[in-house]
Amino acid sequence: MKLKLTALVVGAFLTTMFSIPAYADDFDRHQMNYQVNFADDWHIRYRSYMQGPNGDWGKDKTHFQIGTKVWDGKIKLQYQYWDNNGQIEHRPRFDIVGFKWRGFSIGKRFEFRHQEGKDEYIRPWIQLKYQYKWDKNKIKISVNPRFAFGKDGVDDGDLENILTIFEYERKIGRFAIAPGIWYQVDDNLDKKSLYTTLAFKYKF
């Protein structure tokens, strides 16, 4: 049974990935991630973007993140430093996991966005997640409605966008590789961005 389920999940993932070229013009960018984990508590990550056929090829966007877990992993604390074509942004944030059951979880993220020279605002997330593990493999799916408080032109508490993430992770010793897809819609549920992702991870 487990072998059949593994073949089904991997087959579905590969079908999705090999179908990407057919819709290549719909992709706005590709995201690269390089992450180092220290035990189960701390991590550091560097992320960069390469624009796709439907995006601006001249865009230069990167970020650095440091994070940790407290209270037996129930709370995650993170700080992100963004550089978007020279526009610097600071994003301190924390996650709270409120419910877990058989791979499903519901949590909240509170993110403070401070772009230097621009107005600041708070972006709360609702995190709806499912995770399935077998052997050295992991499938992660999350749907994340994101709201805005204190943002110019947006009423407090209004929906800003919804980010959906699909990721497959394969462990190889202390290393892991994780390709995925991110899809974002705006407050009218129209497409805002669609991009592929790839992460390389190492655990000390």
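## Loops and backbone

Asn85 sits in the loop between S4 and strand S5 (87-101); strands (E, at least two residues) and helices (H or I, at least four) are DSSP runs, numbered from the N terminus. The model is predicted: local features need pLDDT of at least 70 and side-chain atom pairs count only at pLDDT 80 or more, while totals for chains, interfaces and linings use all residues. Residues are numbered from 1 along each chain as its sequence is written, and side-chain values use heavy atoms, with hydrogens and water left out.

Asn85 is not a glycine, yet its phi is positive, at about 55 degrees. With a relative accessible area of 51%, Asn85 is exposed; exposed means over 50% relative accessible area, buried under 20%, and partly exposed in between (1.4 Å probe, protein chains only). Trp71, in the loop between S3 and S4, is another residue other than glycine with a positive phi, near 55 degrees. The relative accessible area of Trp71 is 66%, so Trp71 is exposed.

Lys74 also belongs to the loop between strand S3 (61-70) and strand S4 (75-84). Its relative accessible area of 53% makes Lys74 exposed. Lys74 and Val97 are 23 residues apart along the chain, and their C-alpha atoms are separated by 5.5 Å.

The whole structure contains twelve salt bridges, each defined as a side-chain nitrogen of Lys or Arg within 4 Å of a carboxyl oxygen of Asp or Glu. Side chains of opposite charge can pair when their charged atoms come close.

One of the salt bridges joins the side chains of Lys138 and Glu169, at 3.9 Å from N to O. This pair links distant parts of the chain, with Lys138 in strand S8 (residues 137-148) and Glu169 in strand S9, 31 residues apart. Glu169 counts as buried because its relative accessibility is 6%. Lys138 is buried too, with a relative accessibility of 16%. Glu169 also has a side-chain polar contact of 2.8 Å with Lys201. A polar contact is a pair of N or O atoms within 3.5 Å; within protein, one must be able to donate a hydrogen and the other to accept it, and residues adjacent in sequence count only if both atoms are side-chain atoms.

Lys140 and Glu167 form a salt bridge through their side chains, at 3.1 Å from N to O. Here again the partners come from distant parts of the chain, Lys140 from strand S8 and Glu167 from strand S9, 27 residues apart. Lys140 has a relative accessible area of 25%, so Lys140 is partly exposed. Glu167, at 14% relative accessibility, counts as buried.

## A salt-bridge network

A network of salt bridges links Glu89, Arg91, Arg93, Glu111, Arg113, Arg123, Lys151 and Glu160. Within this list, the side chains of Glu89 and Arg91 meet in a salt bridge of 2.8 Å, N to O. Both Glu89 and Arg91 are buried.

## Charged surface patches

Patches are made of residues with over 30% relative accessible area and no salt bridge, with like charges joined within 9 Å and nonpolar side chains (Val, Leu, Ile, Met, Phe, Trp, Tyr) within 5 Å. Lys and Arg count as positive and Asp and Glu as negative, while His and the chain ends are not counted. The place of a charge is taken as NZ of Lys, CZ of Arg, CG of Asp or CD of Glu. Accessible areas come from the Shrake-Rupley method with a 1.4 Å probe, and for residues only the protein chains shown count as cover.

Asp158 is partly exposed, at 35% relative accessibility. A patch of positive charge gathers Lys69, Lys100, Lys129, Lys133 and Lys171 on the surface. Lys171 is likewise found in strand S9, and its relative accessible area of 42% makes Lys171 partly exposed.

Ile122 lies in strand S7 (residues 120-134). The relative accessible area of Ile122 is 39%, so Ile122 is partly exposed. Ile122 and Ala148 stand 26 residues apart in sequence, with a C-alpha to C-alpha distance of 5.9 Å in space.
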